[in-house]
Amino acid sequence: MNLFKLSVVAAAVIGLSACSLDGDDGQDGANGVDGADGVSSLVVQTQLAVGDANCPNSGVQIDSGLDSDGDGALSSSEISSTSYVCVPPASSVDSSELLTSLNNDWFVEAAAEVEANKTVWLEATGALSTNSLNSNNVVVTSKADLERTVTSLRGQAKNIILFIGDGMGISTVTAARILDGQMKGLDGEENKLSFDQFPFAGLSKTYNVDAQTPDSAGTMTAMMSGLKTDVGVIGVDEDIVRGDCSTVAGNELVTALELAEIAGKSTGVIATARITHATPAATYAKSADRNWEDISDMPAEAVEAGCKDIADQLVNFEANLEARYDGLDVDGIEVVMGGGRRHFLPKDASFNSPDAVSAVEGDRTDGRDLTAEWAAMYTSGTYVFDQAGFDAIDTETTSKVFGLFNESHMQYEADRANDVAGEPSLTEMTEKAIQVLDNNNDGFFLVVESGRIDHGHHAGSAYNALTDTIEFANAVAAADAMTSDDDTLIIVTADHSHVFTIAGYPKRGNPILGKVVNVGSDEPATAADDLPYTTLGYTNGLGFRDLGEETDADATYALAESTGRQDLTDVDTTASGYHQEALVPLGSETHAGEDVGIYAKGPGAWLVNGTNEQSVIFHVMDYAGDIINQAEQAME
């Protein structure tokens, strides 16, 4: 539509370019001597790319002037006038436009992968010698039945739950499985986490459009929208220029949560990170920079250009979504819980929460209290900030919940008991969210992020990363127990991995957090430098710490990078305060680029197989819940 508008205007301009200022030759009349030829007037058009300073959404630059030197070209010194025909930003979209992002190659390719996965399933099940295949109570007895079943099973998921273990790479899952087993008195290797027992699994390729090793903004946008994008941007496609507010308009993507909201489902997003952090933000926000969590984080030019900070977008999600689509009426996100209170409160001590740990808790420089704005918008909703408030929520009568349990990120699971006013666990938040959301007969869409797995790894603490992974698995188990495989799709995955390794040749049952003890030995093995070493380690990061019983991994940031090998002979490496050695000293451990696991059960779960682009996850959820079609029907 926008390109059509551009072509009409450009065609009119092209018509003008044939005009010139030639003199009248007078050859057929009595008009005197022929006049000298005049100077030609030239018009030159230049196509502008997305992100151009004069036409942020692309367009045409039109230069005109007199061809003084008669060379048939318009040099810069001859240009007397420059104008622009710009593609206007999209201010609203009607119900028939761009719900499916069908013009994006990433979206199309991911959809094709889902079709390929269907074929794999058909071939595998069609080759069975029995007639006993049963999926969602559909009994398959022939190849033709199989093909009909693929079609009939679309939209069987009334509910969809997407679990994101932030930074939970394969080595993290393996090590957490072993630690969990050893905490239960087992050797550990034979143990299974809750999602290890899901019937379908595959791999996800996590790279961003512009990065081999990704970040959470680009990866979560891929899962939520069905197409990949760049590092550091949220809810927008790859045509964005990071940090340039003017490039957002027209490049916004529709997320699975938004589609579920339009379709009439209840929606929720919970995280142990700040709720404005990249992963949860990608469910509801459109931002040229993941760091624009509140207005104080934004450059002045972005604010002046009209871009909104992520916290603002969360509180005004309902109004923003309705403004994008003509005639749309939704009721907003039902459950929001996590950390990040500072981004919703003014930079004024009088607005501090009772459990504030900073002298001034809020960061906002616009004087707005977004928690109060939310409460005024949803008078029947409940805003909570501590364990007592959380426990008091009546899930049968509460229509909306907004929980901000910490100034910044919530506590690590191992450190949660040290919170000033208490905060719920990820499992408790998951259970409470489902109890509120399942009051809707049309079903729900819920995203659950364990954000502090990632933070434990960045801090170089396997202990914190693994104990948060175990709690994450507990939350998955709780959700599984509270829902039915007949109508609920549960997907468990990660946005990316970390440079976290399981190394050496430790014997079976050796403490996963301990030093390597080889098979047949009772003493720690030593390296070529005659020093013992641990099974777990990091390729880079702050490195070795011996902080004893400290349970907050972030305490490491008060110390300088540790370089070189350490003598661990008398160090208890299984202690909560021990941080593993790192090969390359950096101020923070980095993400890694290898594939991560996808685990699934429920309707549509059988589409999870093989190695997939990360954007395929959106298409699996769409197949299972038929959310695009339901959203489009709701808007007709």
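This is a predicted model: local features need pLDDT of at least 70, side-chain atom pairs count only at pLDDT 80 or more; totals for chains, interfaces and linings use all residues.
1. Salt bridges overall. A search of the whole structure returns 30 salt bridges. Side chains of opposite charge can pair when their charged atoms come close.

2. Arginine 508 and glutamate 190. These two residues form a salt bridge in which the closest N and O atoms are 3.2 Å apart. The pair links distant parts of the chain, its members being 318 residues apart. Arginine 508 belongs to the loop between strand 15 (500-502) and strand 16 (536-541), while glutamate 190 belongs to the loop between helix 4 (170-183) and strand 7 (200-205). Arginine 508 counts as exposed because its relative accessibility is 51%, and the cut-off for that class is over 50%. Glutamate 190, at 39%, counts as partly exposed.

3. Arginine 342 and aspartate 363. Here the closest N and O atoms of the salt bridge are 3.5 Å apart. Both residues lie in the loop between strand 9 (335-339) and helix 11 (370-377), so the pair ties together parts that are 21 residues apart in sequence. Arginine 342 is partly exposed, with a relative accessible area of 21%. Aspartate 363 is also partly exposed, with a value of 23%. The cut-off for a buried residue is under 20%.

4. Aspartate 480 and lysine 601. The side chains of aspartate 480 and lysine 601 meet in a salt bridge with an N to O distance of 3.0 Å. Because aspartate 480 lies in helix 15 (residues 462-482) and lysine 601 in strand 21 (residues 596-601), the pair ties together parts that are 121 residues apart in sequence. Lysine 601 has a relative accessibility of 12% and therefore counts as buried.

5. Helix 15. This helix, which carries aspartate 480, is mostly covered, with 15 of its 21 residues buried.

6. A salt-bridge network. Asp309, Asp312, Arg364, Asp366, Arg368 and Glu373 are linked in a network of salt bridges.

7. Histidine 409. This residue lies in the loop between strand 11 (401-404) and helix 13 (426-437). Histidine 409 has a relative accessible area of 15% and is therefore buried. Apart from neighbours within four places in sequence, its contacts are Thr272, Ala273, Arg274, His277, Arg452 and His455. As for arginine 274, its backbone nitrogen lies 3.0 Å from a polar atom of the histidine 409 side chain.

8. An open sheet of 3 strands, with mixed pairing, has the order 15-16-19. Strand 15 and strand 19 (582-585) are the edge strands, each pairing on one side only. On average, neighbouring strands of this sheet are turned by 20° against each other, direction ignored. Strands of a sheet pair through backbone hydrogen bonds, either parallel or antiparallel. Strand 15 and strand 16 run antiparallel and are joined by 3 bridges. Phenylalanine 500 has tyrosine 538, in strand 16, as its bridge partner.

9. Helix 4 and the sheet. Helix 4 lies across strand 15 and strand 16, and runs at about 50° to strand 15.

Notes. Residues are numbered from 1 along each chain as its sequence is written. Side-chain values use heavy atoms; hydrogens and water are left out. A salt bridge is a side-chain nitrogen of Lys or Arg within 4 Å of a carboxyl oxygen of Asp or Glu. Helices (H or I, at least four residues) and strands (E, at least two) are DSSP runs, numbered from the N terminus. Buried means under 20% relative accessible area, exposed over 50%, partly exposed in between (1.4 Å probe, protein chains only). A polar contact is a pair of N or O atoms within 3.5 Å; within protein, one must be able to donate a hydrogen and the other to accept it, and residues adjacent in sequence count only if both atoms are side-chain atoms. Contact means heavy atoms within 4.5 Å. Two strands pair if DSSP finds at least two bridges between them. Axes are lines fitted to C-alpha atoms, for helices over the stretch in contact, and angles run from 0 to 180 degrees between N-to-C directions.
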